[in-house]
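Thanks for making the time this morning.

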Amino acid sequence: MSGFHTLDSADLKGKRVLVRVDLNVPMENGHVSDATRIDRILPTLREIISKGGKAILLSHFGRPKNGPDDANSLKPVAGVLAQHLGRPVAFAPDCVGKAADSAIQHMANGDVLLLENTRFHKGEEKNDPALVQQMAALGDLYVNDAFSSAHRAHASTEGLAHKMPAYAGRTMQAEIEALSKALEKPARPVGAVVGGAKISSKLELLGNLTKKVDFLIIGGGMANTFLAAQGKKVGKSLCENDLLDTAREIMKNAAANKCQIVLPTDAVVAKEFKAHAHSHVVSVDHVGDDEMILDAGPRSVAEVEAVLTAIKTLVWNGPFGAFEIEPFDAATNAVARTAARLTVEGKLLSVAGGGDTVSALNHAGVAEQFTYVSTAGGAFLEWLEGKHLPGVEALRA
Ligand code: AMP
């Protein structure tokens, strides 16, 4: 990967390797409920182990406010990581100082040690040089494999990269490569699906995409605001009436940039927001006053699928409808399956990301068939917004 040092060029044997990972995994009743993030770091850890490095893991966990507390300890995660890795993972009750130092002294080549939550120190989120210095003293080189934390300039995500030889881990590398192919040097035409609830949370993203993509396919609740901005009646649908001018502005900018906005032309409407509510399909010109749009209709799906067959690159964030409740998952499922099929056939490069998007693609059963699915939430969205991510920038060679 040009522009970044990767593990290909790292001399790891016998080295103390500080690895920034994202072990901020969801927990339910003290158990890890989704181990995706753990599995994502395994390639980097296995490579460090097999090359004889000592893997010393740094991660944040939750949002502790006043120093150490049991509820935000990474200790329970060490055992789960060990199971997934298939070898022991030691734990040190602090990420700097004597506790960390002595645990590291006991490491043999190929050992793995997890240090306690970096956010137990106030200096982490302040990117405090004193904390950076203390962390840097523990290792010989730094590997960042936490793309999902790269939008934050914290001590362990950014500061450290300036203090020691810095490398992108394998997951970080895959993420940067996938996102570069999707937005920086994409095969054209390129299309973006932006769905989800509201425009307000995705204003910058929409603004950036109208400059970069040839087709901007808008779905979900946010499409209602665009339809309303075109003078259509959207009944009781989710709609941000204070953003109609903003929606018009986005459409104007898109036209100026030769970006075609694709909006739904029909919709699945219901009178209640609940699973299996009585629903029917209407043209977006005929939504009743007491109805809400909860999904895109079959004609809209066909129109989106026609765009997918015309483009070479797809970026996807956000569902087409209220996909968590049946049958309002139909459009998201159908379009996701078509994108997956085109990807498998080698006709489309597809990159998706953002919290709800990953669960929507998992729900459709096709996440594995996309070219790349990012598990990063905020970092993925900031990348789509065109922002530089401090944790990525700091790794540039
Ligand atoms: P976001 O986090 O912005 O990607 O929004 C995802 C959420 O948008 C999901 O929980 C969906 O249920 C919701 N959503 C999508 N379309 C609609 C709609 N037409 N009406 C209400 N909620 C929707």
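Predicted model: local features only at pLDDT ≥ 70, side-chain atom pairs only at ≥ 80, totals over all residues.

Let me start with a question: is R396 buried, partly exposed or exposed? R396 counts as partly exposed, because its relative accessibility is 41%, where buried means under 20% relative accessible area, exposed over 50% and partly exposed in between, computed with a 1.4 Å probe and the protein chains only.

Residues are numbered from 1 along each chain as its sequence is written, and side-chain values use heavy atoms, with hydrogens and water left out.

R396 has a partner: its side chain meets that of E393 in a salt bridge, at 3.0 Å from N to O, the term meaning a side-chain nitrogen of Lys or Arg within 4 Å of a carboxyl oxygen of Asp or Glu. E393 is likewise partly exposed, because its relative accessibility is 29%. A search of the whole structure finds 18 salt bridges, and I will pick out a few of them. D245 and R248 form one, with their closest N and O atoms 2.7 Å apart, and both residues lie in helix α9, residues 244-256, where they are three residues apart, about one turn of the helix; helices here are DSSP runs of H or I with at least four residues, strands are runs of E with at least two, and both are numbered from the N terminus. D245 is exposed, because its relative accessible area is 56%, and R248 is partly exposed at 38%. D11 and K15 also meet through their side chains, at 3.2 Å from N to O, and K15 counts as partly exposed at 24% relative accessibility. There is a network too, in which salt bridges link D8, E47, K51 and R170.

Of the 14 residues around the ligand, A197, K202, G221, I293 and E324 come nearest, a residue being near if one of its heavy atoms lies within 4 Å. By class, the shell has seven nonpolar, four polar and three charged residues, with Ala, Val, Leu, Ile, Met, Phe, Trp, Tyr, Cys and Pro taken as nonpolar, Asp, Glu, Lys and Arg as charged, and the others, Gly among them, as polar.

For individual distances, an oxygen atom of the ligand is 2.9 Å from a polar backbone atom of A197, while a ligand oxygen is 3.0 Å from a side-chain N or O atom of K202, and a ligand oxygen is 3.1 Å from one in the side chain of D356. The protein covers 81% of the 500 Å² of accessible area that the ligand has on its own, areas coming from the Shrake-Rupley method with a 1.4 Å probe.

Conventions:
Polar contact = N/O pair within 3.5 Å; in protein donor to acceptor, adjacent residues only side chain to side chain.
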